[in-house]
Amino acid sequence: MYWCHSTMFTFIVCLTPLLVTSVLSAKSKTCSPYPHVSLDHGDIHRIGRQKYSFKCNNGYFLTSSSTVRCFRGNWTSSKAPRCLRIQGQCDEPPVVKHSLRYGDERHVGAKVSYVCKDGFTLLGHSQLVCSRNGRWNKRAPTCMDESEPLQTVAERLKNSFVTELAYHSSGTPEGRLLDRSSLLLGLELYLLIDRSSSIDPVHLEDAKNFVKFLLRRFGVNNKPNNNNGTRASVLAFGTEVQIVFNIDDTNISNPRIAAAAVDDIHPNGGGTNMEGALTKVLIDFQKLRKRAKRALFLMTDGEPNIANPEITPQDIAQQLKKSPNDFEIFTVGIGKGIKMNLLNELASEPPLSHVFILENYPDLNEVMKIIEDSKPPPPPISKDQCGYNVSKENRPWLATLYIGGAPFKMCSGVLICNQWVLTAASCLQDAQSRVDMKDVFVVLGERHLLKAEQGQTNFYVTDVQIHQNYNPKQNSIENNLAVLKLNLPASRYRPACLPPTDRAIPLHLNLKINASITGWGRTSASKMTYATANDIAFDMSSSSVSLSEERECPIRRRVTTPLCAGQGSKTCFALVGSPLMAEDSSTGFQHILGILVDRRHCSKKGQNQYIELTRHIGWINQATSNCQLKHWGVAK
C-alpha cells in the first residue's frame, strides 16, 4: 500500500514503510514553483499535484480567484492573492495582558471594554469603539503592575530612555560604538523638573542629582559645531517656570558646566505650572536641528494646578508629539498621589516604554546605580548585517537547490548577500555536462521539503558563475565553488558572513571552536555530487560538530587539504553545498567556514569534507561584484 504526497515541483513522492521513490507525472507540462507561499489574513492550501486554493479569515474577502492551477506549463494566474477587510468590520479586539475584556463584536459601533486585574492599574482608554474605517478608535490600554520592583522600573527606564536615545548622539558611550553613517543627526533633549511646594528641599536635591546624571550620561554640549551630539535644555517649574539654560545656550559646552547651572535650581513654592513649562518647549521649535531626534523628560510628584483654562498640559503635549515637532515624551511620577492617567496622556506610546512610577525621590539614587552598574549594551544590529542569528533554531541563510527535471537533483547553498547564493560547483557541472540555469530553482525559508510554509520564498536563477579552475572530470575539492544570482532580492532573509580575514588565528584553524552543520539528512552515502528524493529525509536537522586536524582528513584526490568536521554517523548528513558555520565569539556573528563537497566513511566515523573559503574570498567577491561588503557596513 502506498501513500502519495504531491509536492510543488515536478514529482510525486510515494511512501511505503520501507521505500521512498520519486515518479514522474505523465500528464501535462509542469510549472515552475508557485511564487506565492503566504497570504496575509488568510491561508493557502495545496490541492492535488499543482493546484492551490485560497481562503480568507473571518472579516476579510478575497480579491482574486479562489483557486489557481498549472495549465500547460503556466499558472492560470500569476497575480498575488489578497485578503481585504470587509467594510464595516474591525480586526479582533486587542488582547491586553493582565486584564479582563468585555465585548467581542467587531461591527461598526461595537464597543470593547477592559478592566485590569487586582494589583494592576489601567493606563489609557478603558473602552474602544469600532470606527467606520474598520479600525478601533483608540490604542489598546496597558495594565501596569502597581507593585513593580524598583529594579524592573530602572531597567525599563534604562532600556527605553537612556539606551535608545543614546544611539542618536555621538556624545554617548552607545553612540561612539556606531560608525558615523549609522548615527542620526544628534539628540535635542529637554529635561523638566517639578520644584513646587509639595517637594521637600532634600528631595529636590535628589531630582537635581538625577538631572545632572542624565546630562553627564548624554554628554551634553550646546556649542554650534556639535552637529551629531546631544544638546539639552533644563526647565524647573513651580508657580513660575525657570529656564535653567536653553537648547541654544552656547555657554553650556560640557556636562560639568551644565551641572553647575542645575545647582542654581531652588525651591519655588506654590503650585505646579506644568502647562507653562511645556509651552516654553513648544516655543523653542525654531531653535532645533531639523533632523535631530527630539525627546522630553518630565519629573513630577503631582498634578498641574496652575493652567490656562482654555488649554491643558495634555493639549500642549499632543502638539509636541505631532509633526512637525515630533517629540518623544517620557514621564516619571514620584509618590503615592500621582495621577497615572495624566502621565499616560502626556507621554508617548506605548506606556510601558514611556511612563515610570517611583515610590519616593531617594529611589532616583538607586535608579542611577542600576543604570551605571550595567555594561553598555552592544550597538543595535542592522537589518543588513550578515551572520546575526536571533535564534539557534533559525537558519535564514540556508537555501535549497532543485536542479533539472524529474528525477530532479537536490543540493544546498547559503545566502551570502541579498541576491547571491554560494554552493558547490559539483551540483551544477559534472564531467559530461553543465546544468542550464533555467533548470535551477532556489528556495529560502524552507524547513520541511514536503510543506509549503509561510516563511518560504521561491526564486529563479538569472546567472551562474562556476569557479574557472574547477575540474569536473576529477571531481575534486579544489575550486569546487559556484554562485547563483536570484531573480529578485531576498531582502527578508539575513545572509551569512564569509569568513573573517583579519584574525590572528583563522576560525577554521581553531579546533576548539563550536561549528555546526544544518540541512536535510541523507539516507545514503553514495552520489555525493547531488541527491534525489530517495536519498534524503524531509525535515531540516542541525548538529554541532568539532573540526578535525589536517592529518585526520584524508582524500582520494588531494590538491589542497580539505576542511573536515564531524565524527560519527550522526553527523553524516546534509546535502552537497551545505555550509559549515561557526560563531566568531568577538562579534557573535555566524561565518561560513566551508561548503560541503564530499563525505568519507559515512557508515563508520562519518566525516564531512568541505572546501575551505578564506583562499577563495577574492573570487567570490569578484563573481558577485563585492555584494557581501555592504552586509559588513563598508560598501558605499
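Student: At what angle do helix H5 (residues 274-283) and H6 pack?
Tutor: This is a predicted model, where local features need pLDDT of at least 70, side-chain atom pairs count only at pLDDT 80 or more, and totals for chains, interfaces and linings use all residues. Residues are numbered from 1 along each chain as its sequence is written, and side-chain values use heavy atoms, with hydrogens and water left out. The axes of H5 and H6 lie 9 Å apart, each axis being a line fitted to C-alpha atoms over the stretch in contact, with angles from 0 to 180 degrees between N-to-C directions. The packing angle of H5 and H6 is about 20°.

Student: Are H5 and H6 roughly parallel or roughly antiparallel?
Tutor: Angles under 35 degrees count as roughly parallel, over 145 as roughly antiparallel, 65 to 115 as roughly perpendicular and the rest as oblique. H5 and H6 pack at about 20°, so they are roughly parallel.

Student: How many nonpolar residues are in the contact of H5 with H6?
Tutor: Contact means heavy atoms within 4.5 Å. Met274, Glu275, Leu278, Thr279, Val281 and Leu282 of H5 meet Pro313, Ile316, Gln319 and Leu320 of H6. Ala, Val, Leu, Ile, Met, Phe, Trp, Tyr, Cys and Pro count as nonpolar, Asp, Glu, Lys and Arg as charged, and the others, Gly among them, as polar. Besides 2 polar and 1 charged, the number of nonpolar residues is 7.

Student: How are H3 and H4 oriented, roughly parallel or roughly antiparallel?
Tutor: Helix H3 covers residues 201-217 and helix H4 residues 255-262, with their axes 9 Å apart. They pack at an angle of about 160°. H3 and H4 are therefore roughly antiparallel.

Student: How many charged residues does the contact of H3 with H4 have?
Tutor: On the H3 side you will find Lys208, Val211, Lys212, Leu215 and Arg216, and these meet Pro255, Ala258, Ala259 and Val262 in H4. The residues divide into 6 nonpolar and no polar, and the number of charged ones is 3.

Student: Is the crossing of H3 and H8 left-handed or right-handed?
Tutor: H3 and helix H8 (residues 363-373) pack at about 20°, with axes 9 Å apart, so they are roughly parallel. A crossing is left-handed if the near helix is turned anticlockwise from the far one by less than a right angle, and right-handed if clockwise. H3 and H4 make a right-handed crossing. For H3 and H8, the crossing is left-handed.

Student: How many helices and strands are in the chain?
Tutor: Helices (H or I, at least four residues) and strands (E, at least two) are DSSP runs, numbered from the N terminus. For the chain, this gives 9 helices and 32 strands.

Student: Is Leu123 buried or exposed?
Tutor: Leu123 is in strand E12, and it has contacts with residues beyond four places in sequence, including Pro141, Met144, Met340 and Val355. Buried means under 20% relative accessible area, exposed over 50%, partly exposed in between (1.4 Å probe, protein chains only). With a relative accessible area of 0%, Leu123 is buried.

Student: How far apart are Phe120 and Glu146, C-alpha to C-alpha?
Tutor: Phe120 lies in strand E12 (residues 120-123). Leaving aside neighbours within four places in sequence, Phe120 is in contact with His98, Cys143, Met144, Asp145 and Glu146. Phe120 and Glu146 are 26 residues apart in sequence, and their C-alpha separation is 5.2 Å.

Student: What relative accessible area does Asn479 have?
Tutor: Asn479 has a positive phi of about 60° although it is not a glycine, and it lies in the loop between strands E25 (457-466) and E26 (482-486). Ser625 also is not a glycine and has a positive phi, about 55°, but Ser625 counts as exposed at 63% relative accessibility. Asn479 is buried, and its relative accessible area is 8%.
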